[in-house]
Structures are given as structure tokens and as C-alpha cells.
Amino acid sequence: MTSRNFLTIDDFDTDGKTILVRVDLNSPMDPQGNILDDMRIRSHIATLKDLEDAKVVLLAHQSRPGKKDFTVMKPHAHLMSKHLGRQVSYVDDIFGTYAKTQIASMEDGDVIMLENVRFYSEESLERTPAEHASTYLVKKLTPFVDIFLNDAFAVSHRSHLSVVGFTEVLPSGAGRVMEKELVSLERGVKGGERPSIFVLGGAKVDDSLRVAENVLANGGADRVLLTGVVANVALAASGINIGKANMDFIKSQGYENQIEKAKSILAKFKDKVGLPIDVALNDNKKRIEEPVSELDSDSLPINDIGLETIVEFASEIENAKTVVLNGPAGVSEIADFALGTHEIIKAAVKSDFSIIGGGHISAEVAHLGLGHRFSHISTGGGACIDYLAGVKLPGVEAMKGAAKKYQEAKNL
């Protein structure tokens, strides 16, 4: 058992064993079924390489019922074979006779990928691990496997069958993706080396405010710098007239009620929250700099933080020891309004330990070619936000419960 409260690959003798691994290969696809971004597929290669002397059975999903990209896992298996350098066999079955026969006939070093687990209707039901453990999928596959590894951090904020069901009946732990996510994000949440700064932006105001409140309340962040739409909400909460166009956008997104939440955070943690001192307005795609003190009801849409704010925020970020970035600082799809996001990213790589929380800002990091300069780039999206906000993730909690049972059994 490691010093952590979950098990990893290192806690098991996996050689010659059959290992069931829940991976997250959910990828953007074009209408012809081609995978457009294989980042998530590549992320699991480290786990598979560490299991090269085992028999590995992969459980994964692509999209969800009703969506155009809800499809089979064959292209994912093909791409994974390419990146792994050995065959990943696609099995168009989940727990029927064909799947069980294929698993039973595996030899050490074999890797197979079962069919899209969301083709099975019970997969997406929110149930307890014990309830999921009584399903056919768990009952049919369990006799054929020795160990379950959850390597799908990005879906572990959901109590889905393939995420939590096997933790009740099999020795269970984390794959390398999950392990790195938990170790890195925990370091971010607890602050790591000081000073620790969170830079929260983007358009998901409620998520950003949840994270801000959690890390400020538990002492994980020395400072929280706000950008993007969440900064506009906070500016409005602080009494700044951000203009009708910007207030209308906040209302259209359903975030008007978050102004009171922002007021509460500013009142509790006033000196620890950094707000823009100037902004970039969009005048027919032309960048116009404006101090926030000069905004009025007729102000144009705010599409980025201003130059003075960029300089001020970048200086704070560069001098921090731990930096967590989540969400772009502006409308980064428009070149003139990507400046704030890009300068914050460039400043963050100068810190000792830097985390990207996934989503749109990850795409900007890739665009700048700076991914290798960050300590950790989360694959998580919603799971990452929940973790940073202090929410217990069902997949992680199930894994911790399994670790406790495993340790107790070993001590008997």
C-alpha cells in the first residue's frame, strides 16, 4: 500500500494477470467517423506500457446516446495500436459470449478493447457502487479478470457502472493518468509551494466561483486572479458599471444570480482576489483598451483583459511558485483578443509548478506549443473543476474504498 489513500499499478503484481482498465478515449470526431484529436488516446499509453506483461482489457466510451458521434470503438483501437506500437484488438461486444471468449483466450502482452460501454443502457445510470456491482456487466466480466484499474479521471465525477461497479468486487486502483491527475491536482488545491495563485477565467462563471471559494477558504491559494466572463461578474459585484451589452450577455447565460455569490467572495476574501483594472473592448473586432473606471452603460462588449491588467497579472504569476490556470482570459478565438490568455500562459510556465485545468485554455497552450513546459495538463474538464472546487468524485471515492478493503484483507 502506498502512503496515499488509493492504490496504483505499483501496489499490484500485474505480470500474467488479466487487468480490466477503464480508460477515457472520448474524442472529437468528424461526420465520417475520423478522430480529430487523439490526445486522450495518447494519454493512456504510459499505463499500457506499465502493463506490458499482463493481459489488458479496455473499457471505454465515445459520446452518448442521441449524439451524432455516438459510435463504436474500432477507430480508437486502431489509433491506440499506432501509438502503443503493438496490436490493440477491437471486440464488438461488451460482456456477451464473444467478449468473454476473447478475454479467456488472451496471452500475456495482449490488449483488447471492448465495445462502447455506453451501448449498455445501465452504464449511465447514477447509482452507488454496490448497486452497480449487481449488474450483468460486472457479474459477467468479473470471473475473467483479476484487477480493475480506473484510468478515466475525466468521467470519475459520475457514478457510472464501469467507473465504480468493479471496485466493489475486484482489487482496484488507479492507472497512470488517474494517479498523475490526483497527485497534481491535490498539490494545486493544497497550495504546494508558496505563493500559490489560481487564475480563473472562461465563461463558466458558477464553476470558477466554486473553485475560487474552495481554494480561498481552505488556504490552498494565496491569490485568485479573475479574467473572462467571471471577471465581468465580479466587476459588476464590486459596483463597476460594465455596460448593458456585458450585463445582457451574463443574463443570457443564466449567470445573473452569480453576482451575489461574487459579492460574498469579495467581501470575505477582498485582498486575495485580483480583478482587472482595464479591459479590451470589441469595436467591430478592433481592440479598444479601456480602464474599468471609465466603463459605462454604453460600453462595448468586453472580450479580454487590458494591457495594464496583463502586465500586473503576469508579474504576479511569474513570481508564484504554484500556478493553476483554468479558462481563457478573453475571446481567444479572435486574434486581437487572445493576448491576455497567451501572456498569462507564457507567465505561468516560469513558475515552479504549473497546472492547466483542461478545456479551452488547453487548446491555447497547444496552439502556443508550450504544453511540455507545464507540470500538468488535466484531461478532466468537469471532473477537474469539481475536484478543484472540493467536490468528492464518485470514481475516486470508490477507488479509495476499494483500497481500504484491500489493505484490511491483506492484514487479516
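I began with the lining of the second largest pocket, whose residues divide into 5 nonpolar, 3 polar and 4 charged (Ala, Val, Leu, Ile, Met, Phe, Trp, Tyr, Cys and Pro count as nonpolar, Asp, Glu, Lys and Arg as charged, the others, Gly among them, as polar). This is a predicted model, where local features need pLDDT of at least 70, side-chain atom pairs count only at pLDDT 80 or more, and totals for chains, interfaces and linings use all residues. Residues are numbered from 1 along each chain as its sequence is written, and side-chain values use heavy atoms, with hydrogens and water left out.

Next I asked which helix gives the most to that lining. I found H17, with 3 residues; H8 (176–190) and H17 (394–411) each supply at least two. Helices (H or I, at least four residues) and strands (E, at least two) are DSSP runs, numbered from the N terminus. I also noted Glu186, Asn214 and Tyr387 among the lining residues (a pocket is an open set of points on a 1 Å grid over the protein atoms alone, where a 1.4 Å probe fits, with protein on both sides within 12 Å along at least five of seven lines; lining residues have an atom within 4 Å of a point).

Asn214 took me to H9, where it is buried, as are Val211 and Val215 (buried means under 20% relative accessible area, with a 1.4 Å probe and protein chains only). Just after H9, I saw Gly219 take a positive phi of about 80°.

Last, I looked up Ser196, in strand E7 (residues 196–200). Ser196 counts as buried because its relative accessibility is 0%. I then found its side chain reaching the backbone oxygen of Gly220 at 3.1 Å.

Note on methods
Buried means under 20% relative accessible area, exposed over 50%, partly exposed in between (1.4 Å probe, protein chains only). A polar contact is a pair of N or O atoms within 3.5 Å; within protein, one must be able to donate a hydrogen and the other to accept it, and residues adjacent in sequence count only if both atoms are side-chain atoms.
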